[in-house]
Amino acid sequence: MTLKTAIFLVVLVVAFAGVGYNIKRIIDFLRVGKWTNRFDNLTERLKRTFVIAIGQSKIMRDPVAGPIHAFIFWGFIVLLFAVIESIGEGILGTFSLSFLGPVYSVITVSQDVFVALIVFSVIFAWWRRNVTKVKRLQGDAEEKKDASIVLYAIAAIVISLTLTNATRIAVGGQYAHEVRPLAAAVSGFFCACEKTEAAFEIFWWIHIIGVLGFMNYLPYSKHLHVMTSIPNVFLSDLRKKNYLKPINFEDETLTQYGSKDIEDLSWKQLLDGDTCTHCGRCTSVCPANITGKVLDPRWIIVATRERMIDKAPYMLAENKFGFESWETGMQAAWSGGYGTQAAHATHEEAVVEVKGGVTGTLLGTQPRLKKEDVESKKFIGDYIPAEMLWQCTTCQACMQECPVMIEHVDEIVDLRRNLVMMEADFPPELQASFSSMENNYSPWAFSPSERAEWAHGMGIETMAEYAAKPEAEKKEDLILFWVGCAGSFDARAKSISRAFAELMQIAGVNFRILGTEEKCTGDPARRMGNEYLAQTLIKDNVETLNRYNITKVVTACPHCFNAIKNEWGDFGGNYEVVHHTEFVQQMLAKGDLVITKDLEQRVTYHDSCYLGRSNDIYDAPRATLESIPGLEIVEMERTKSKGLCCGAGGGQMWMEETQGKRINIERTEEAIATGSETIASACPFCMTMLSDGVKTKEAGDHVRVRDIAEIVLEVVR
Ligand code: SF4
Ligand code: SF4
C-alpha cells in the first residue's frame, strides 16, 4: 500500500464516519415528531420524485433562477461518476469507468459540459445574491456567509476536477473512451513533465477533500437540502392539494389537539425544516408578505428547524420519541395504527448520547441553549409569532412555488388548531363567527330560517319537498345545488346564486337545493383552527346528503367545492362534485344554453385560489368567457397558478386586516391596470373582496365585478 493510499483511506473513513454520524443525528431528530405514513403508493412517489426533484419542474417556474439551479443539480448528478472514480483512484491508484465503453464517452462529455454550466451558474448565483441583491435571497449575515461558502465550495470542486483531468491528459493518462473537450483544451496549458504530475496530485487532493468536506459541511449548513430535497419530494403528501387531515377526537390518548411544539408535528413536518433551501420563493408570492404583513412562510419552516435543533437533543436524551422506531411505525402504518395524531410513545431502549465531540452545534451535538432556556421559550410566540399564523389566507401560493414540496399550510393550520382548541387564543373577532357557526350554522349571524330566501319566487324545490314526492315523479339525473353560506346570505352573492339557478332552469337541469337543511361546510371553521366545530358541521351535512342519497353536487363556491370534494370523504361523504364554472361550460357545450348576444367589452378573470391552485380549474371559466362574442379577455400580470389571492380565504373574511396594505386592494389595482370594464370572478368570497376593492379605488363608475354565471346569463337570456 502506498503512502497516498494509506492517507486517503484514513481521510475516507473519517469523512464517511462523519456523514454517517450526521445522517443518524438527522434521523434521530425527526423521530421526536409524530408518526405519519409517507411510504405508501411507491409508484406515484417515484413518478413525482422523477418529475419534480430530478426533472426540476417546480424550480423551472422561475425562468431566471430555475435553469441556474437545474444546471447545478443535474451537474452534480453527472459528477457523481467523477466522485466514484476519484474514490476508486484513491484506493487502487488508478481507476476509471472506461469499461462502460461508449457510455463512458457520454458521461465524460456530459461532465465537461456541466462543469462549464455549473461555473457559469455559480457566478450568476453569486451575482444575484451579492450584486443585484435579489430580495428573496437576502438573509442575515450568517446565512450570507453560509451561501457564499457553498458557492465557493461548488466552484472549487468542479474547477479542481477539470484541472485534475486536464493535468492527467497532459501527461498522457487519458483513459479509453474518455472524451473531455474542456479538460483537453485546458491540458494545453500544461507540459508533459513532472511538474504537471505533481500538479495532478495537488488538484486530485483538492477535489476529493473538497467533495468529502462538502458532504460533512452540509449537515451544519442551511444548505442541508442538497441531501434532503430528493427524499422530501419522495415523501411529500400525495393527497389532494388543499386537504387538511382530520383530528380523531375519539382517540383518548391524545393530549394535544393541533400542534403546540415540535413533538406535536409529524416527522415529515420536521424534515421540511431540514429541507428548506431558504430560497424565499414561498415568501415572495405570499399575499400577506407582499402587502407588508409579518407573515413569512419561509420563516415558519426555518423556525421549525431552529426549534428542533434547540429542543430535540434534550428530548432524545430523555428517550422522548414520537414513535417507537421507523420499523414499528411502518408496521403500524400497514396495519392501520399510528395515525397522524398518534400519542407519544417512549422508546425505552434507545440510547442517545447528547454529548458532542464535534464543535458544530447546528445539529445539536452540543445543544445551543440550556435546557431551562429551551423550556422557557415557546414555539408559538418565541420562534413563530402567533400574529404570522393569523395572517395566512391558506391560498397555497407558498406550497405551489416551493421547489422541494414543503407543506406550509398544514403546519400553519396545525398551530392554529392548538391555539384555538387548547389555548382559546385567537383574534377576538373570530369569536362571533365561531358562535354563529355553532348556533346559526353559518359564519354570518343570520337566522338559518332565512337560508333559502335568495330563491324566493324562483320555483326551486327543496330536497325535502322532492323526497316527499311519489317515486314515479323522480328522475335519476338529480343534482344538488349546494348554495353555501355566502350564496345564501350575502346580499351580493345571492344574485350569483339566482343567476346560476336561472341558467340551470333555462338549460332544463334537474336540480334541487337543501334549503334550511344546508349548513356551513365547515371550511371556515377548519381553516381557522376550530376542527371540532368543523367536524360537527361536516358530519351533520354528510348525514343529510346521504339520507337523500345525493350522488352529484354542483356549487358556485370554490371553498364549498374544495371541502365537499376533497375533505368530506373522510367523514363518509363521497359525491361527484362540480364547480359551477365547469357546469356552465358543459351546459354551453351540450347546447342546453345558447349564447344569443355579443358583449363588447374588455374582461379580466381573477383566479380563485380554492378553484385554481387548489383544484387546477383554470380553463373552464376562461373557455366560457372566450365563447362569448365580442369579449376581449386580458390576463393580469399574476395569473392562473401564479394568481394573487383576493385576501378572504383561511378565515380572513372574518378577521381584521390591520397591518400593511389590504390584499384585496393590491389585487384590485392589478385588475384595474388591465383596463378592463369587467373583473370576472368565480367565487363569492373573491366577489366581496374585489367589489370592496373597486369601491375603495372609486372605480365603480367604469369597472364592475361580475360572476361568470351573471355574465353568461346576460348573453343567453
Ligand atoms: S398559504 Fe398563502 S397566505 Fe398563507 S403563507 Fe402560504 S402564501 Fe402566505
Ligand atoms: S419553504 Fe420552500 S419555497 Fe420557501 S424558502 Fe424553503 S424551500 Fe424555498
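**Close-up views of a predicted two-ligand protein model**

With 717 residues, a compact globule would have a radius of gyration near 27 Å, and the protein chain, at 30 Å, agrees with this; the radius is taken over C-alpha atoms, and the globule rule is 2.2 Å times the number of residues to the power 0.38. This is a predicted model, in which local features need pLDDT of at least 70 and side-chain atom pairs count only at pLDDT 80 or more, while totals for chains, interfaces and linings use all residues. Residues are numbered from 1 along each chain as its sequence is written, and chains are lettered from A and ligands numbered from 1 in the order in which they are written.

**View 1. The whole chain and its confidence.** The protein chain has 30 helices and 10 strands; helices (H or I, at least four residues) and strands (E, at least two) are DSSP runs numbered from the N terminus. Its C-alpha atoms fill a box of roughly 100 × 60 × 50 Å along the principal axes. The mean pLDDT is 92, and 95% of the residues reach 70 or more; pLDDT is the predictor's confidence in each residue, from 0 to 100. Over residues 337-364 the pLDDT is below 50, although this stretch has 62 contacts in the model beyond near neighbours in sequence. Two residues are in contact if their C-beta atoms, placed from the backbone, lie within 7 Å. Where pLDDT is low, the predicted coordinates should not be read in detail.

**View 2. The shell around ligand 1.** Ligand 1 is surrounded by 15 residues, and the closest are Cys 286, Pro 297, Cys 392, Cys 395 and Cys 398; a residue is near a molecule if its C-beta atom, placed from the backbone, lies within 6 Å of it. Helix 11 (287-290), helix 17 (397-401) and helix 18 (408-421) each supply at least two residues of this shell. By class, the shell has 11 nonpolar, 4 polar and no charged residues. Ala, Val, Leu, Ile, Met, Phe, Trp, Tyr, Cys and Pro count as nonpolar, Asp, Glu, Lys and Arg as charged, and the others, Gly among them, as polar.

**View 3. The shell around ligand 2.** Here 13 residues surround the ligand, with Cys 276, Cys 279, Arg 281, Cys 282 and Cys 402 the closest. Helix 10 (281-285) and helix 12 (297-317) each supply at least two residues of the shell. The shell around ligand 2 divides into 7 nonpolar, 3 polar and 3 charged residues.

**View 4. The largest nonpolar core.** This core has 139 residues, and those with the most contacts inside it are Leu 503, Leu 690, Ala 709 and Val 712. Its largest share, 8 residues, comes from helix 12. A nonpolar core is a set of buried Ala, Val, Leu, Ile, Met, Phe, Trp, Tyr and Cys residues joined through C-beta atoms within 7 Å. A residue is buried if 20 or more other C-beta atoms lie within 10 Å of its own, exposed if 12 or fewer, and partly exposed in between, with C-beta atoms placed from the backbone. Beyond its neighbours within four places in sequence, Ala 709 is in contact with residues including Ile 496, Phe 500, Leu 503 and His 580.

**View 5. Asn 319 in a loop.** Asn 319 lies in the loop between helix 12 and strand 1 (320-321). Its phi is near 60°, a positive value in a residue other than glycine. Asn 319 counts as partly exposed because 14 other C-beta atoms lie within 10 Å.
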